[in-house]
Amino acid sequence: MKPNAILFVDIDDAEITRYTYREPHFAAAKEMGLLCLTAALQGRQHTERLSADSDKVFYVESMTLDALRDLVHTLLHTYNLRAILCHAGHASASGQVGCIVAEICQEIELPHASSRAITTCNNKFLMRQTLQQHGVRSIRHALCNNEEELCSQANLIGYPLIAKPPFGACSVFIKRCNNWAELLAHYQAFTAHYTHSNYTDFMGNQQECVTPKGEKYVSIPGKSVLLEEYIDGIEGTIECAINQHTIYPVLINEKLILTEKSNTVLENLLITPPVSFSPSEQEQIKNYAIACLNAVGLNNAIAHLEFRMTSEGPVIIEINPRLGGLFVNSAFRDLAGLNPYQLYLSILIQDQEVDFQLTQACKQAEQATQHYSMIVMYPDTNGHFKGIENLHYLKNQPCILECVSYTNDCYINAEIEEHYLIKCWAKVEGASHAHTLHSNMLENVKPIIIPESDLIS
C-alpha cells in the first residue's frame with residue numbers, strides 16, 4: 001500500500017527566510033500521520049532548511065507547470081498524495097507558483113483553491129477590477145507603468161491616494177501621497193531602488209492579466225504601480241477559512257497603531273477581539289468579507305483580508321489567499337481553539353469534521369471576552385542589525401505569551417519594507433493595556449543597529 005503524503009513546493013531560498021510556512025504545516029502533517037515531501041529548485045543554496053523536516057526532498061530543473069507536473073506524476077507511483085501546497089499568497093520571480101500548484105491539483109483531482117482565484121487575489125489590480133465587476137464595494141484605482149500615466153490617473157482618482165506595487169507583500173513601497181510631488185518622488189524611489197528590497201521576489205515577474213471586461217494589462221516588476229483612492233477609517237483584518245465553497249469568518253483584528261515611513265506603512269499594534277467595531281459593524285465586516293471572497297472565487301483556503309471601516313461600511317484593502325502573518329496563527333489558537341496549519345491540511349484532504357470544527361470555532365471567537373495583542377518593534381534607521389538590548393525585559397513580562405526577535409547580523413532598510421525586530425503576542429486587559437505594553441517595550445528594549453553612515457565611513 002502506498003504511504004499517504006503531502007507535497008510542499010518551496011521557493012524561498014533567501015538567506016533569511018521570508019516566512020515560516022512549510023515547517024508548521026509539516027509538523028501538523030506528521031501529527032496526522034502523513035509523510036512530508038518537498039519540491040525545490042535545482043541549484044538551491046540553502047538546502048539544509050529543507051532536509052531538516054522533510055521526509056524526502058525532490059529537485060526540479062525549473063518551477064514551471066511541466067516540470068512540477070512531471071514530478072507529481074512520478075511521485076504518484078510511490079505515494080498516495082493527499083495534498084499539494086505552497087505559499088500561495090505571494091507571486092515570485094519564478095512566476096505564480098501558487099497558480100501552477102492549483103492547476104496540477106485540478107488535473108489530478110486534488111482539492112485546492114482555483115488558479116484563477118489565486119491570481120485575482122495576488123494581483124491587487126485584478127482584485128479591484130473583479131470586485132467592481134461583481135458590484136462589491138471598492139474604490140477608484142488605476143494601474144500605471146510610467147510617469148505620464150501616473151500623473152493623469154492620479155488626477156482622476158484624486159489626492160490623497162495610495163501608491164503600491166500591484167504584486168507584493170510586507171508593506172514594500174507603499175505610500176500615501178498627498179500631491180503630485182510626493183507621488184513622483186515615491187515612484188522614482190520605487191523604480192530606482194526596488195531591487196534593494198528583501199522582498200523583491202514577491203513582486204513577481206512580468207505578468208499579463210485580462211480583466212473581467214476582457215481588457216489586457218501588463219504588470220512589470222519595478223515599473224508598474226497601482227494607484228488607489230485613499231480610504232479613511234479604522235483599519236483591521238478579518239481571518240477566514242473556506243471549506244470547499246462555504247466561507248467561515250473566524251475572527252477580526254483591529255490595528256491600534258499604524259506608522260507611515262518614507263516608502264512603507266507599518267503595523268505597530270493590533271488587538272483582538274476589536275474594541276472600536278460595534279457588534280453590528282462586526283457583522284457588516286463578516287458579510288462584506290464573504291461577498292469579497294465569493295467575488296474572487298476563492299475556495300479550499302485560509303484567507304487574510306485587510307480592510308478599513310468607513311462611514312459607508314468596510315472597504316477592502318487586500319485579499320490574501322493564505323494565513324495572515326504576525327501572530328494570526330496564535331489568534332486562531334487562543335480565540336478560536338484552532339490549529340490553522342492542521343485546519344488547512346484538513347480542508348485540503350476533505351476531512352469530514354471541518355465544517356463542524358469551523359462552526360464551533362466561529363462561535364468561540366465571537367463569544368471571546370479575553371483580549372490579545374500583537375506588538376511590534378521596527379527599526380528607526382537603515383543599517384546593520386546586531387541584536388536586541390534588554391530583550392529579557394519582555395520575556396519576563398507574564399502577560400507576554402510569545403516573543404520572537406529578528407535574525408541578528410544582517411542589513412536592514414527601514415524606509416521601504418517591514419522588519420519585525422521584535423514581535424510579541426500578549427494577553428491584555430484592553431486597548432489601554434496594549435498601548436502601555438507597546439510604550440514600555442519602546443522605552444526599555446533597544447535594537448542595536450550600526451547606522452548606514454557609520455558603515456560607509
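Helices (H or I, at least four residues) and strands (E, at least two) are DSSP runs, numbered from the N terminus.

**View 1. The whole chain of this predicted model.** The protein chain holds 15 helices and 21 strands. Its radius of gyration is 22 Å, close to the 23 Å that the globule rule gives for 457 residues, so the chain is as compact as a globular protein of that length. The C-alpha trace spans about 65 × 55 × 55 Å along its principal axes. Of the contacts with a separation of 6 or more, 70% are between residues 24 or more positions apart.

**View 2. Surface and charge of the protein chain.** Buried residues are 55% of the 457. The accessible surface is about 18,900 Å², and carbon and sulfur atoms contribute 46% of that area. There are 32 positive and 51 negative charges, with mean positions 2 Å apart.

**View 3. The cis peptide bond between Tyr159 and Pro160.** Omega is about -5° here. Pro160 sits in the loop between α7 (147-157) and β6 (161-164).

**View 4. The cis peptide bond between Thr272 and Pro273.** Omega is about -5° at this bond. The loop that holds Pro273 runs between β13 (265-272) and α9 (279-296).

**View 5. Asn300, a non-glycine residue with positive phi.** Its phi is about 45°. Asn300 belongs to the loop between α9 and β14 (301-310). With a relative accessible area of 5%, Asn300 is buried, because buried means under 20%.

**View 6. Gln350, a residue other than glycine with positive phi.** Phi is near 60°. The loop between α11 (340-348) and α12 (354-367) contains Gln350. Gln350 is partly exposed, at 34% relative accessible area.

Definitions and conventions:
Residues numbered from 1 in each chain as written. Predicted model: local features only at pLDDT ≥ 70, side-chain atom pairs only at ≥ 80, totals over all residues. Heavy atoms only, no water. Rg over C-alpha atoms; globule rule 2.2 N^0.38 Å. Buried < 20%, exposed > 50% of the residue type's maximum accessible area, 1.4 Å probe, protein only. Contact = heavy atoms within 4.5 Å. Areas by Shrake-Rupley, 256 points an atom, 1.4 Å probe, with all protein chains shown as cover. Lys, Arg positive; Asp, Glu negative; His and termini not counted. Charge placed at Lys NZ, Arg CZ, Asp CG, Glu CD.
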